[in-house]
Amino acid sequence: MTNCSQQSLREKYLHRGTIPAFQAREDMRVVDLVESFASAGAFNAGRLAEASKLFLKMVEDDATICLTLSGALTPTGMGGILVELMEKGLIDFIISTGANIYHDLHFALDLPMHRGDFRVNDAELRQAKIHRIYDMFLMDEVLVETDHFLQDAVDNGSGHNVMSSAQLHHVIGKVALEKSPYPERSFVARAAKLDVPIFTSSPGDSGVGMALALLKLHGGKVTVDPDLDVLQASSIVHGSKKNGVVTLGGGSPKNFYMQTQPMLEMLLGKPCKGHDYFIQITTDSPQWGGLSGATPQEAISWGKVRKEETRNHAVVYCDATIAAPILMTYGLAKAGKRQPKRLCQRFTELVAALKRDAKPL
């Protein structure tokens, strides 16, 4: 290799600068921490900085921002930061496992989640009617009272027989606003106040679905129609100039959002450009072929993510309970407030526009 070509390659690969020594300060804020991560750009601290700055770009571009939640993150108290993000207009709709919705309601109802330990005798917990979520405990009474609240909310708060999961959760959230002692602690209640849709891709797979099934056994009339979920979520994407997602974990909520692009291709009969922005915080990895570890590059092959022209996607390999609060706090500190899009109020309009643009069968 000639000195000239060596110099050319060095200029190509060494243009981003050198890595400084990390300077810790006792008065360091989250914003300062993320900026330090960005200065080094190394490992997953670097990826977290990229994701945090990409989140700001999504906000500045007025993208319609979806948050997807897998597993059970709300028992950790994370619902509180989601409330702040919605208040500032930084989340436009949510796709979640039912567990996150169910356990979020404990906070509104003042039903305690206890700090626990994973190094315990689970048979003794069963005897004491204590349920364990890794290192968190909740008493059986918490589940019973939450079930009663849900059954009352669905039985008395709904005027519909058939609805989407987003419409169901809107009803539950409105009842929580009116009847729970601490609605300000619940992202489900705050979403109802701000007309932020909350979909679940598996309506039967949680305490919410179980409570609904029990009502159905005793004559309840409410039915959740997953087809409406698919149409409403796709209509949101169709009706937005730009779309982006922050995915915590992965699983079914992640794919439910990502599949809106292939769904639009089917409905409209033409290729879609893919989602504009993609951020994922995950502990999974792609070589196992799992959905949670599937990279945005792989999603490009499905038309789910826009072909890369600029770096508009970031994957952070980290526990979401560590990385998500840092990213979200950075966003709250740096982003301006946006007007809520109030998508729940626009479902009729959005689905009608989708139907108008759809190709004939």
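Which residues in helix 11 meet which residues in helix 16?

1. Helix contact. Leu231, Gln232, Ser234, Ser235, Ile236 and His238 in helix 11 meet Phe347, Leu350, Val351, Ala353, Leu354 and Asp357 in helix 16, contact being heavy atoms within 4.5 Å. By class, this contact has seven nonpolar, four polar and one charged residues. Ala, Val, Leu, Ile, Met, Phe, Trp, Tyr, Cys and Pro count as nonpolar, Asp, Glu, Lys and Arg as charged, and the others, Gly among them, as polar.

2. Basis of the model. The model is predicted: local features need pLDDT of at least 70, side-chain atom pairs count only at pLDDT 80 or more, and totals for chains, interfaces and linings use all residues. Residues are numbered from 1 along each chain as its sequence is written, and side-chain values use heavy atoms, with hydrogens and water left out.

3. Helix geometry. The axes of helix 11 (residues 226–238) and helix 16 (residues 347–357) come within 9 Å and cross at roughly 80 degrees; axes are lines fitted to C-alpha atoms over the stretch in contact, with angles from 0 to 180 degrees between N-to-C directions. The two helices are therefore roughly perpendicular, a term for angles of 65 to 115 degrees. Helices (H or I, at least four residues) and strands (E, at least two) are DSSP runs, numbered from the N terminus.

4. Largest pocket. The largest pocket has a volume of about 340 Å³. Of its 20 lining residues, Ala72, Leu73, Asp319, Ala320 and Thr321 are the closest to its centre. On a 1 Å grid over the protein atoms alone, a pocket is an open set of points with protein on both sides within 12 Å along at least five of seven lines, whereas a cavity is a set where a 1.4 Å probe fits but cannot get out; lining residues have an atom within 4 Å of a point. Grid points are joined across faces, edges and corners, and a volume is the space filled by probe spheres set on the points.

5. Largest cavity. The structure holds five cavities of 30 Å³ or more, and about 70 Å³ of space lies in the largest. Helix 8 (165–179) is among the elements that supply at least two lining residues, and helix 8 gives the most, with three. The lining has five nonpolar, seven polar and no charged residues.

6. Second largest cavity. This cavity has a volume of about 50 Å³. Its lining includes Phe55, Ile65, Leu327 and Met328, and divides into nine nonpolar, no polar and no charged residues.

Conventions
Parallel < 35°, antiparallel > 145°, perpendicular 65-115°, else oblique.
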